Amino acid sequence: MRPVPVRSMLRAFRLAWVNGEWVSVAWVGVLWTGTFLCCLTAVGHSQSKPAGKISGGVVKIGVLTDMSGVYSDNTGQGSIVAAQMAIDDFGGKVLGYPIELVSADHQNKPDIGANKAREWFDTQGVDVIVDGVNSAVAIASSKVANEKQRILIVSGAGSIRLTNEDCNPYTIHYAYDTYATGGATGRAIVQHGGTTWFFVAADYTFGHSMQEDTAKVVRAAGGQVLGSVFHPLNASDFSSYMLQAQSSGAKVIGLANAGGDTINAIKAASEFGINKKQMLAGLLVMINDIHALGLQATQGMFIADGFYWDMNDETRKFSKTFLAKAKKMPSMIHAAVYSSTLQYLKAVQATGTDAADAVVKKLKEMSLDDVFVKHGRIRGDGRMVHDYYLFQVKSPSESKYPWDYYKLIGTVPGDQAFQPLSESRCALVKK
Amino acid sequence: MTQIFGVPTVALYAQLVLGLVNGCFYAILSLGLALIFGMLNITNFAHGAFYMMGAVFSWIALAHFGIGYWWALLLAPLLVAVLGIVVERTLLQWLYKVDSLYGLLLTFGLALVIEGLFRYRYGVSGLPYSPPESFQGALNLGFMFLPKYRAWVVLVSLVTCFSTWFVIEWTPLGAYLRAATENPKLVQAFGINVPVMITLTYAAGIGLAGLAGVLAAPATQISPLMGTNLIIVVFAVVVIGGMGSILGSISTGLGLGLIEGLTKVYYPQASDTVVFLIMALVLLVRPAGLFGKER
Amino acid sequence: MGKHASTLRIAGYLLLLVAGIVAPFIGYPVFLMKALCFALFACAFNLLLGYTGLLSFGHAAFFATAAYVTGYVIKVKGFSPLLGILAGTLVALALGFVFGSLVIRRQGIYFAMITLALSQLVYFLFLEAPFTGGEDGLQAIPRGHILGLDLQQDRSLYYVVFTIFVLGFLLIRRTIHSPFGQVLKAIRENEQRAISLGYDVNRYKILAFVLSSGLAGLAGSTKAIVFTFVTLTDADWHTSGEVVLMTLLGGMGTVLGPIVGAVSIVTLENKLADKVGSFVTVIMGAIFIVCVLLFRKGIVGEAMAFFRRRAVSPSSER
């Protein structure tokens with residue numbers, strides 16, 4: 001490149017100004033402004049040095065969630081409410097230091113999610129991230145957590161990769177995964193006489209792994225899998241798939257999908273009267289989905305869930321408070337976000353520091369007890385093991401008061417519900 | 001039992017009937033799009049959003065005002081059409097003189113706004129809505145039990161589609177419309193108020209989307225996101241049929257529903273994608289679509 | 001505009017260059033890298049929309065294909081980052097050629113729709129292909145080393161990305177101002193006239209298409225290394241819509257517009273994430289509407305027009 005002609009540049013400026021050549025001056029102006037904005041918007045506040053045992057003199061909890069997309073009803077604003085409730089219940093302070101809550105909407109874009117996580121860890125001194133719905137975002141963020149050596153507690157996402165291929169010491173998988181939710185349902189239903197199965201599964205990793213895991217469990221429990229049909233994600237019409245399920249003659253139709261797909265499948269089943277002769281099993285159905293469908297369409301369905309609001313006084317008290325704040329009953333994910341935030345704070349209290357290594361060590365030693373989990377523990381691969389429940393949806397006549405939707409059929413103990421540690425492909429627990 | 005490629009023929013007939021039901025939705029939606037494109041030369045990306053509004057309005061009518069399905073079937077499309085008029089008068093009318101791509105971009109933005117607002121208000125889990133009492137139960141077609149409601153959907157959409165087609169091809173009003181598409185100035189000179197006609201055409205197209213929404217309400221999940229996924233498929237239908245061709249969009253809609261139904265049996269994973277494959281193939285052979293004229 | 005105008009322009013670009021070099025010490029490197037990747041993506045897209053007048057609604061296909069290829073060859077085949085980026089870009093170029101040959105004879109809405117359809121096919125492919133990890137994404141792509149530079153360090157990587165961006169940008173700028181670029185503009189303004197002047201219009205268009213898709217691929221490949229993952233979001237049609245928004249907002253058919261647009265949108269998305277929650281898409285949509293109705297030339301285009309009017313108005317109207 002030729003040498004920069006500073007003098008002629010200055011002259012050019014002066015001439016341009018005098019001659020009223022606004023275009024050229026404007027060009028430089030636009031460039032300047034652009035540059036300035038570029039730098040300004042990206043300015044981050046450098047993180048202050050650790051003060052004492054608590055970095056930055058504050059314990060910061062980040063809720064990384066989907067507030068606008070397909071998962072926003074089961075996570076979203078409700079997760080923020082749940083995390084805030086945990087902080088309030090803990091007393092708002094840990095070891096005399098304040099607790100702060102930040103939140104972000106990753107819009108289901110892994111770029112934004114991972115970038116937010118990185119920024120939080122690097123520049124805002126966030127100590128732990130909770131929720132983490134959407135498995136692509138969760139896995140991407142767990143890499144960031146590992147790199148930055150901070151803690152990520154995933155409740156919203158269900159990919160089993162988080163505690164297998166993609167496990168790391170700083171990631172804890174708290175609420176559910178495809179193995180548990182499918183396996184628990186499968187075993188319990190076979191025991192209740194549902195011996196032949198047909199799967200209607202979503203054609204993406206989540207659906208495939210849930211279908212495989214459930215099928216394995218069904219066969220192991222003495223059941224039979226007659227067939228499966230894989231539908232595209234967000235399919236608009238399910239009657240065709242449900243009809244295929246119907247003609248298979250299976251006693252149980254396993255719905256290995258989530259959200260809108262499950263809802264559409266159930267609607268089609270009820271329209272074609274399939275739910276009268278065959279059993280529907282929702283492998284991942286949350287209470288908000290049932291609320292959206294109404295009992296007329298869902299009655300008699302089998303559902304595996306890790307939490308239901310109407311189980312005991314403790315859950316009722318928690319859920320009523322939640323209902324008042326979030327205008328809906330807590331899903332399993334909301335309860336798990338509450339629980340994980342609370343348990344994290346307890347671990348900080350017990351270790352006397354928010355240094356990630358010490359807190360993770362403590363979390364993996366502790367027995368976890370609160371409204372969501374009883375005698376829970378966190379394994380070496382990061383899996384939090386807790387009991388799972390099998391429910392059946394009540395008929396409209398059985399339902400006595402608002403949100404009275406489930407009756408408890410059975411409890412699956414944690415060590416049976418989740419993938420055994422011996423089968424884990426996680427490098428942390430390799431023998 | 002007779003079989004075709006390993007699938008019993010009886011099951012195949014059933015799938016074809018279901019395909020036809022879906023095809024009816026495609027037909028109504030693409031008909032509206034074709035109307036709008038033909039008259040306004042705008043690719044209405046917001047069509048899915050209006051379809052969603054039709055469904056949500058019928059839920060609101062039931063949940064908040066106790067208005068049942070039958071009145072909703074009349075009122076919701078009208079309300080949606082009125083909104084269409086507002087949109088046309090406030091936003092679209094400024095774009096007739098510029099490149100048609102701007103219309104596409106504006107309606108794309110409009111769809112984002114509408115869906116975002118509804119999502120904020122109603123969440124994404126969906127809203128409950130069941131078919132009216134008189135449609136409980138199913139018809140026995142011999143090879144399958146077709147829910148009465150689905151049969152009703154087919155009836156309504158076929159009647160709507162063909163009456164629209166009739167109006168446009170065989171009535172004086174339709175003649176004015178077609179003439180205005182060809183040469184708006186000349187038609188204006190004959191004393192016909194072309195701007196009003198344009199507005200009403202847009203309203204009619206949007207109203208059709210609203211009608212499809214009401215029809216869909218009892219059959220699928222009513223959620224603010226319901227239009228987003230459908231709209232791209234419907235675009236493909238319109239393009240295959242030939243942009244702006246009325247008969248083309250109706251028959252392509254029905255035909256693609258059938259093809260999609262078959263795909264759901266033989267390769268269900270691809271049932272959402274097959275439309276695009278067909279579209280690519282058709283356009284290679286017939287650039288203006290099956291029924292369109294090259295211009 | 002005299003000689004000093006071009007001198008001024010050089011001064012402006014130098015200023016940008018300096019800003020780019022200093023930026024990672026002031027701003028947050030990973031965010032800046034993301035902005036650069038999208039800026040390059042938007043510039044590549046602008047070559048097609050702004051200078052050739054073709055609206056592709058499926059450019060995410062090239063972006064994502066290159067990203068997946070780069071991620072795959074680096075993670076599984078052990079390629080070095082530069083070779084990985086090269087591989088990704090080449091595949092995007094090839095895909096661009098295939099798609100280009102299919103669609104180039106179509107115009108306007110048809111062109112937009114077919115590119116959309118083709119990109120949906122690509123999306124389906126990535127959803128089904130075993131190596132992409134489905135909706136979990138292709139994760140943990142190692143960043144590796146370039147010429148002894150440890151790319152694990154965000155700042156080192158930033159300078160690599162910045163270099164790639166500058167090279168890509170210069171190539172686009174060169175193309176626009178070359179005789180080839182002039183022909184493209186002639187086609188945009190009046191295709192019939194270009195044909196009657198004896199230009200083989202389709203060959204020019206296809207070349208522009210291939211170039212644009214290759215550069216979009218370059219941006220995608222670079223992004224794969226920056227974030228160390230590639231997911232289906234990159235192949236989604238909303239990503240195609242986003243790049244249209246960036247170009248439209250910044251100013252289509254201006255050299256710097258896409259950069260301004262991309263930086264604004266990426267910043268907005270990032271900032272809005274913790275502030276407005278569920279309103280992000282509403283705001284994006286509103287920007288679309290406002291742009292189309294009021295600022296059809298985009299930020300840079302309107303600014304230029306404004307100053308040009310100011311410069312000329314005292315003496316005459318035009």
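How many residues does the contact take from chain B and from chain C? This question opens the first of several close-up views of a predicted model.

**View 1. Where chain B and chain C meet.** The contact takes 33 residues from chain B and 33 residues from chain C. On the side of chain B that touches chain C, the elements giving two or more residues are helix H4 (100-122), helix H9 (226-241) and helix H11 (274-285) of chain B. Look for H4(B) when you explore this side, as the largest share, 15 residues, comes from that helix. Sorted by class, the side of chain B that touches chain C has 26 nonpolar, six polar and one charged residues.

**View 2. Helix H5 of chain A and its surroundings.** This helix covers residues 135-148 of chain A, 14 residues in total. From its first C-alpha to its last, H5(A) reaches 20 Å, close to the 20 Å expected at 1.5 Å a residue. H5(A) is mostly covered, with eleven of its 14 residues buried. Among them are Ser135(A), Val137(A), Ile139(A), Lys143(A) and Ala145(A).

View 3. Moving along chain A, we find Arg150(A) in the loop between H5 and E5. Is Arg150(A) buried or exposed? Arg150(A) counts as buried because it has 24 C-beta neighbours inside 10 Å, where 20 or more are needed. Residues up to four places away in sequence aside, Arg150(A) touches Phe121(A), Asp127(A), Val128(A), Ala145(A), Tyr170(A) and Ala356(A). One of these, Ala145(A), is also among the buried residues of H5(A). For a sense of distance, Ser103(A) is 47 residues from Arg150(A) along the chain, and their C-alpha atoms are separated by 16 Å.

**View 4. Ala86(A) and its contacts.** Here the view turns to helix H3 (residues 76-90) of chain A, where Ala86(A) is found. Ala86(A) counts as buried because 24 C-beta neighbours lie inside 10 Å. Leaving out residues up to four places away in sequence, Ala86(A) touches Tyr338(A), Thr341(A) and Leu342(A). Ala86(A) and Leu345(A) are 259 residues apart in sequence, yet 8.9 Å apart in space, C-alpha to C-alpha.

**View 5. An open sheet in chain A.** Seven strands line up in the order E8-E7-E9-E10-E11-E14-E15, with mixed pairing. At the edges are strand E8 (224-231) and strand E15 (406-412) of chain A, each pairing on one side only. On average, neighbouring strands of this sheet are turned by 25° against each other, direction ignored. To follow one pair, start with strand E7 (residues 196-202) of chain A, which runs parallel to E8(A) and is joined to it by seven bridges. In this pair, Thr196(A) stands opposite Gln224(A) in E8(A).

**View 6. The largest nonpolar core.** This core holds 358 residues. Which of them touch the most other members? They are Met242(A), Ala236(B), Ala39(C), Leu40(C) and Phe41(C). Let us pick out Leu40(C): its neighbours within four places in sequence aside, Leu40(C) is in contact with Phe165(C), Gly168(C), Phe169(C), Leu215(C), Leu218(C) and Ala219(C).

Notes. Residues numbered from 1 in each chain as written. Chains lettered and ligands numbered in written order. Predicted model: local features only at pLDDT ≥ 70, side-chain atom pairs only at ≥ 80, totals over all residues. Helix = DSSP H or I, 4+ residues; strand = E, 2+ residues; numbered from the N terminus. Expected span 1.5 Å × (residues − 1). Buried ≥ 20, exposed ≤ 12 C-beta atoms within 10 Å, placed from the backbone. Core = buried A, V, L, I, M, F, W, Y, C linked by C-beta atoms within 7 Å. Contact = placed C-beta atoms within 7 Å. Pairing = 2+ DSSP bridges. Axes fitted to C-alpha atoms, helices over the stretch in contact; angles between N-to-C directions. Nonpolar A, V, L, I, M, F, W, Y, C, P; charged D, E, K, R; others polar.
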